[in-house]
Amino acid sequence: MKILRASRMDRCIGCHSCSLACARQVHKKFSWSTAGIRIKSSGGITTGFEARLCLACDPAPCVTACPTGAFSQRKGGGVLVKMKLCIQCGKCAPACPVDAVYLDEKDQPFVCIHCGRCVDFCPHDCLEMRQKQDHVRQGGDVNG
Amino acid sequence: MADTAFRVCIVHLDRNKADIVSFGDKNVHIGGSGLAAALFETYGLPTEPWSHPDQPLIFAIGCLTGYFPLMSKVVCGFKSPHHDQYAESHAGGRLALAMRFAGYDAVVLRGKAKLPVAVHVAAKIIETKDANYLWGANALTTGRVIRRAFPGASGHRSILRIGPAGETLSAYACINVDTFRHFGRLGAGSVMGVKNVKALVISGDGDQDLPGTDSKAYAKLFKKVYEDMTATEMMRKYHDLGTPGNVAPLNALKSLPTRNLTQTDDPEMEGISGETFAKNLLIRNTACAGCPVGCIHVGMLREQFQDEHRFQIRQVAYDYELIFALGAMIGVMNASDCLALMDEVEKQGLDAMSAGVALAWATEAYQKGLLTREQVEEDLAFGNTAAYKEAIWCLGHAKNEFYADLAKGVAHAAAKYGGEDFACVLGQEMAGYATGETFFASQSLSFRHSHLDTGAYGYDQKKHDKDPVKATAYFVEDERERVLLTSLVSCLFARGVFKKPLLAECLRAVGLPELAENMDKAAEDMQRLRWRMRLATGYEPEKTTIPKRFLEVQTWAGKMDPVYLENLRQSYITAIRELGAPLPEEEKQD
Ligand code: SF4
Ligand code: SF4
Ligand code: SF4
């Protein structure tokens, strides 16, 4: 399974086309926050932009934190999300080490599901879908 | 029936309170230009001076803002310190989307704060904070400090601020938006300054539902618009060399205003061409939020500040208008020197075009002995970058009586010190197109006195019969098309893609079928409303003039034809009077 990587953020022009595309197509929202990828400036526009998005952990701390199984481990890294199971406890967001889970006003979580639908909307090719290498898929002992 | 009113946040600076009002109708006012004019009609004081504390400072977006690519601009409506009449200025950056996601179609500042403040408007926040400690700080420092003072929403927040020019109430102080964008022209910065507002922060921290009722159809249409915007050759023009690509062609057409318009081309043009900037200085592009084109060109300014190879580097955005004003117009024919002056103008919070034209006039006036060394303080001479840099600081700070006068506009200064013949003023300080009669007539009279009011500079560049009636019809028609776009509010670079059938589709997709049917009528009404506001605040087009220097210009098409120019102006004046005529109802009420 492929995962989304923001590999070339040095090229980012800060257009937010990616977040808007994710919100619109994946989450059916009009927003630059309720999206799997969010663009931040790292301190004013002259310092460039960074992307907040899921790193596709395996095992995923957000899955461990979720009490209902709304977040479950996705094969190849990252999470599968079943919103019907979500009780909006908000535990997933603080569990994520890279602040990739966005909670809206009602504590409904939004996170990248590695579908790649944002990629086509990046005019500068900052984003790509690629195979997560086996040797980094799981860290430490799991790799033996 | 969906609610088609605008949601407007009116901040009362003197009371530290705000009203959230339902205002107007999207089907009638569209947004942006139209909405701003309607808000001015309601809240403006046409016969009071621009500096009256109750004059509104209006920021308006439109009914398509954020919903489609390049619907990414904001219109600022205000009474201008330049001519004390109703005016408009446009800017992008992150502001438009930040306003959309904060949940406001317009933000209006009214009243005057007791001491300098920074105002913060977000989905669930309206607050002011003391910014007295920032008074006097330049626009870059202010941006840096404000980012720290209002943490959060990074990347989703827009920071508007003024520099010293806005505090000293220059007639052409701009409002800096998100480091690289500006509400330039006609002095919006001083309206902020006179209200004691050093900065306005808009955080787009709310979330919204998709527009319309069919999310699939909307996503499909978005994709189509996105593809058109990124695929066309026309857009390449804006992201490749960008507008600086105009320098060489205008020079070849003998239409590049150079050395206070004593020339229209220059053998050293190469030094400031778009190609030179791109090759030597361009480090990256950036975009307004919601725009995949990314036309903002950022150059690297590398300055040695000590012997022994000590350098400082800064990022400075450049485009054609700045290269004209702070390059050709003052004989600075070196790209790096141009960037240094742009950087200084940015810090002072001045409109770059007006500042450049002002310095060009001052240089010639000084050369001709109308001004003394004491007055200008620096050795103003075409090409003297170091002197210009100091002079820009003096201008921003209104350092002495002369610079305070010059900061009120070139026409104002020339009336006092002489040199009106060579004051390059067409309503306001000229834009960079010495293309011929139609441009001179258009800029001198048009609504914003801007090169973007109509495509007159393009009209000049094509062969045309000198028919004032035809040209006037073109001005009026072209302005109407632009008013539609500046009401929605689209970037004008997108005008080749946003043709009417596509706009109608977009309007239907966001649930405004009525406006889709009636957009021509709505655009015309808003065009008229703008002119009514302009005339109501004292505009007398008959009193505008064309300084002698413009009649001496030679372009590829030959010498200027003063008779044609005058006939064209008279014909356009008649059209403006007709467009701005008071409504019959108003007469009855009076
Ligand atoms: S959301 Fe955060 S914790 Fe969960 S998989 Fe992605 S990066 Fe890891
Ligand atoms: S890969 Fe899919 S879920 Fe992730 S940010 Fe892109 S569009 Fe959103
Ligand atoms: S679409 Fe690409 S260029 Fe635009 S903000 Fe996202 S990563 Fe940056």
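## A walk through the predicted model

A:Cys118 is a buried residue, with a relative accessible area of 7%.

Does its sulfur lie within or beyond bonding distance of the closest cysteine sulfur? The closest one belongs to B:Cys63, and at 10 Å it is too far for a bond. A disulfide is a covalent bond between the sulfur atoms of two cysteines. Over all chains, the count of disulfides comes to zero.

Cysteines turn up again around ligand 1. Among the residues there are A:Cys54, A:Cys57, A:Cys62 and A:Cys96.

Now for the place where the two chains meet. Here 40 residues of chain B are in contact with 32 residues of chain A. In chain B, the residues that lose the most area to chain A are B:His156, B:Asp207 and B:Tyr226, together 20% of what that side buries. The area buried between the chains is about 3,000 Å², and carbon and sulfur atoms give 58% of it.

Polar and charged groups also take part. Eleven residue pairs are in polar contact across this interface, and two salt bridges are found there. One salt bridge joins the side chains of B:Lys124 and A:Glu105, with 3.6 Å from N to O.

Key:
Residues numbered from 1 in each chain as written. Chains lettered and ligands numbered in written order. Predicted model: local features only at pLDDT ≥ 70, side-chain atom pairs only at ≥ 80, totals over all residues. Heavy atoms only, no water. Disulfide = S-S within 2.5 Å. Buried < 20%, exposed > 50% of the residue type's maximum accessible area, 1.4 Å probe, protein only. Near = heavy atom within 4 Å. Contact = heavy atoms within 4.5 Å. Buried area = accessible area lost by both parts, 1.4 Å probe. Salt bridge = Lys/Arg side-chain N within 4 Å of Asp/Glu carboxyl O. Polar contact = N/O pair within 3.5 Å; in protein donor to acceptor, adjacent residues only side chain to side chain.
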